[in-house]
Amino acid sequence: MTATIDMNGIAARLQQLVTQAKLPGVEYGTHYGLPALKVGGKAFVTVKNNETIVLAIPIDRKEQLMEMAPEIYFQTDHYIGWPSLPLRITAIGDEELQQRLVEAWRYRAPKKLQAAFRQM
């Protein structure tokens, strides 16, 4: 049995990875009442429960990731057709998770912030 982490612990891990990636304009807030990280007022990652986070990601990219690592990335009926990808938080390492957070941030961030990030 894998150890579960509470939602605050997951949110803290996400915040730490985003800080390390030096993503500008990140705000901590909620999305549908759940802990989330936002950019430009839009959530790019949401903590759904103690096992799952949901990334904002282009639909075509979802398919690639689910094929690449089905043990990490999955989809439920709720997310079919939407640019949102659930993933198992205990199944993903920090390095890959940080890459996905940067990808989700880029998908949601306003162009001005994206330009600022590229210049860092």
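Here is a short tour, with something to select at each stop.

**Before you click**

This is a predicted model, so to speak of local features we need pLDDT of at least 70, side-chain atom pairs count only at pLDDT 80 or more, and totals for chains, interfaces and linings use all residues. Residues are numbered from 1 along each chain as its sequence is written, and side-chain values use heavy atoms, with hydrogens and water left out.

**Stop 1: Arg13 and Asp94**

Select Arg13 and Asp94: their side chains meet in a salt bridge, 2.7 Å from N to O. That pair links distant parts of the chain, with Arg13 in helix H1 and Asp94 in helix H3 (residues 94-108), 81 residues apart. A salt bridge here is a side-chain nitrogen of Lys or Arg within 4 Å of a carboxyl oxygen of Asp or Glu; helices (H or I, at least four residues) and strands (E, at least two) are DSSP runs, numbered from the N terminus. Arg13 counts as buried at 17% relative accessibility, while Asp94 is partly exposed at 42%. The cut-offs: buried is under 20% relative accessible area, exposed is over 50%, and partly exposed is in between (1.4 Å probe, protein chains only).

Stay on H1 and pick Gln16. Its C-alpha atom is separated by 9.4 Å from that of Gln98, 82 residues apart along the chain.

**Stop 2: the salt-bridge network**

Which residues are linked in a network of salt bridges? Select Arg61, Glu96, Arg100 and Glu103. Zoom in on Arg61 and Glu103, where the closest N and O atoms are 2.4 Å apart. Arg61 sits in helix H2 and Glu103 in helix H3, so the pair ties together parts that are 42 residues apart in sequence. Glu103 also forms a salt bridge with Arg100, at 2.8 Å between the closest N and O atoms. Those two both lie in H3, 3 residues apart, about one turn of the helix. Glu103 and Arg100 are both buried, whereas Arg61 is partly exposed at 21%. In total, the structure holds 4 salt bridges.

**Stop 3: Lys62**

Now select Lys62, in helix H2 (residues 59-68). Lys62 is buried yet has no salt bridge; the nearest side chain of opposite charge, Glu63, is 5.8 Å away. For charge, Lys and Arg count as positive and Asp and Glu as negative; His and the chain ends are not counted. What does the side chain of Lys62 reach? Look for the backbone oxygen of Ser84, at 3.0 Å. Leaving aside neighbours within four places in sequence, Lys62 is in contact (heavy atoms within 4.5 Å) with residues including Tyr79, Trp82 and Ser84.

**Stop 4: the largest pocket**

Ser84 turns up again here: 17 residues line the largest pocket, and His31, Tyr32, His78, Tyr79 and Ser84 lie nearest its centre. On a 1 Å grid over the protein atoms alone, a pocket is an open set of points where a 1.4 Å probe fits, with protein on both sides within 12 Å along at least five of seven lines; lining residues have an atom within 4 Å of a point. Color strand S3 (42-47) and strand S4 (52-56), which each supply at least two lining residues. S3 gives the most, with 4 residues.

**Stop 5: two positive phi values**

Finish with Tyr32, in the loop between S1 and strand S2 (34-39). Tyr32 has a positive phi of about 50° although it is not a glycine, and it is exposed at 76%. Then jump to Lys22, in the loop between helix H1 (7-20) and strand S1 (26-31). Phi of Lys22 is near 60°, and this residue is exposed at 53%.

Note on methods. A polar contact is a pair of N or O atoms within 3.5 Å; within protein, one must be able to donate a hydrogen and the other to accept it, and residues adjacent in sequence count only if both atoms are side-chain atoms.
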